[in-house]
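Please consult the sequence and the coordinates alongside it.

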Amino acid sequence: MRGLRLSVNNLACDRGERRIFEGVSFTLQPSEALVITGRNGAGKSSLLDILAGRLHPAAGAILFSEAGERTLAECLHYVGHRDALKAALTAEENLAFARDFLGNPALKPGEALDAVGLAHAARLPVAYLSAGQRRRVALARLLVAKRPLWLLDEPTSALDTASQETLRLLLESHRENGGMIAATTHSPLFLTDAKEIRIERSPSAAILPGDGA
Amino acid sequence: MIRSFRALLIRDLKLAARVGGSGVMGLIFFLMIVTLIPFALGPDLNLLSRIGPAILWIAALLATLIGLDRLFQADQEDGSLDLLRLSPAPLEIVVLAKVVAYWLVTGLPLAVAAPFLGLLVALSPEGMLAMVATLLVGTPALTFVGAVGAALTSSLRRGGLILAILVLPFMIPTLIFGVSAANAALGGTIPFATPFLILIALSLIAAVVGTVGAAAALRSGE
């Protein structure tokens, strides 16, 4: 994992022919964390979507170096607004699938659930869990497969204070092991020495002539 | 790569069994259509046994179509598709695993159930055997062709109808050769092997084109 480096240069994003943001640049190295802030609709999630390979950037470049033959998508975990959990499967089955599917297995599903304080819910179908509990199962997915870069979209949403603290400890221990984190957030994550970038609506979009909005 | 394929295949089979998913529904739908036809046509056994293969094939085609819109849409809605994109295996392998799982819970049961439903349309024993054989090698073609449509419509809220309109024309060749192979087994001038081999070829072509096409559609989607 040493020597990995993610550099983003002058990234711009278009959604439906509207420029959402442009000129976003940052670099991430092992043990670094990036906190992405900005107003609602500023394009924080779109930035993570671009990094995760779901959206194509309108301009700019993403360089991921020293990863060997692995692509960026194979080196990252993504936890977004939708938890990517199958409601009909139990928490344990969801994690077991992620562990086998993503490769580089790390913790066993039971251990990962224990780490987020949900060991008692392992055999419950995810459909029976509350929003916060589902979010914790989704976060436990970070632990079942070893991947250096974690992309988190509003990781604290729906979490209670105790779980937010658990999450903070998980993030810090990932960084201690040389991991990288990029997270969008509205509430502070209390990470030590985290870089921060603020995404602003690009000015050209705001003054687009004839823009009814 | 094999690990990812197997993990996804097992997950989809579990889901199909758990939700009482599209497999059972497709089979019941198949049974319904085949049961309705004799009521509509009346008890003319000669007529029924002559058009029996065609009825079974059209019913199988519709039954394949009925759950197809959920193939990628369900994963799209709960965010699982984003997880599947992070696979160490290419997206084609992901598509292949999902389609194989879908075929195992819809196409395979249809082929296995064909002899019992053949009774309803007065098929002869050879006819039933031919139906099993043609459905077994023909339904994969339907599923793979349908997968491209399912991938294209995965982000549409009510994609089911558009899906049917998109893929039905491409299912016509499979239908033609499936029915003609089954009819050839019941007697006629052409040997059984000719349309049957073409049917196999169609399935193999669809397996390649469908997998690559569906993966491309998922990549470009969103």
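Questions and answers on two chains follow.

This is a predicted model, in which local features need pLDDT of at least 70, side-chain atom pairs count only at pLDDT 80 or more, and totals for chains, interfaces and linings use all residues. Residues are numbered from 1 along each chain as its sequence is written, while chains are lettered from A and ligands numbered from 1 in the order in which they are written.

Reader: In chain A, how many helices and strands are there?
Author: Helices (H or I, at least four residues) and strands (E, at least two) are DSSP runs, numbered from the N terminus. From that terminus on, the elements of chain A run β-β-β-α-β-β-α-α-α-β-α-β-β-α. The count for chain A is six helices and eight strands.

Reader: What radius of gyration does chain A have?
Author: The radius of gyration is taken over C-alpha atoms, and the globule rule is 2.2 Å times the number of residues to the power 0.38. For 213 residues, a compact globule would have a value near 17 Å, and chain A agrees with this at 18 Å.

Reader: Which strands of chain A stand at the edges, each with a single partner strand?
Author: Two strands pair if DSSP finds at least two bridges between them. An open sheet of three strands in chain A has the order E2-E1-E4, with antiparallel pairing. One side of each edge strand is left without a neighbour in the sheet, because each has a single partner; these strands are E2 (18-28) and E4 (59-65) of chain A.

Reader: Which residue in E4(A) is the bridge partner of Val8(A)?
Author: Strand E1 (residues 5-15) of chain A and E4(A) pair in the antiparallel sense over six bridges. In E4(A), the partner of Val8(A) is Ile62(A).

Reader: Is Leu152(B) buried or exposed?
Author: Leu152(B) is found in helix H8 (residues 125-152) of chain B. A residue is buried if 20 or more other C-beta atoms lie within 10 Å of its own, exposed if 12 or fewer, and partly exposed in between, with C-beta atoms placed from the backbone. Because Leu152(B) has 22 C-beta neighbours inside 10 Å, Leu152(B) counts as buried.

Reader: Which helix gives the most to the side of chain B that touches chain A?
Author: Two residues are in contact if their C-beta atoms, placed from the backbone, lie within 7 Å. The contact takes 19 residues from chain B and 23 residues from chain A. Helix H1 (2-18) and helix H5 (80-85) of chain B each supply at least two residues of the chain B side. With eight residues, the helix that gives the most is H1(B).
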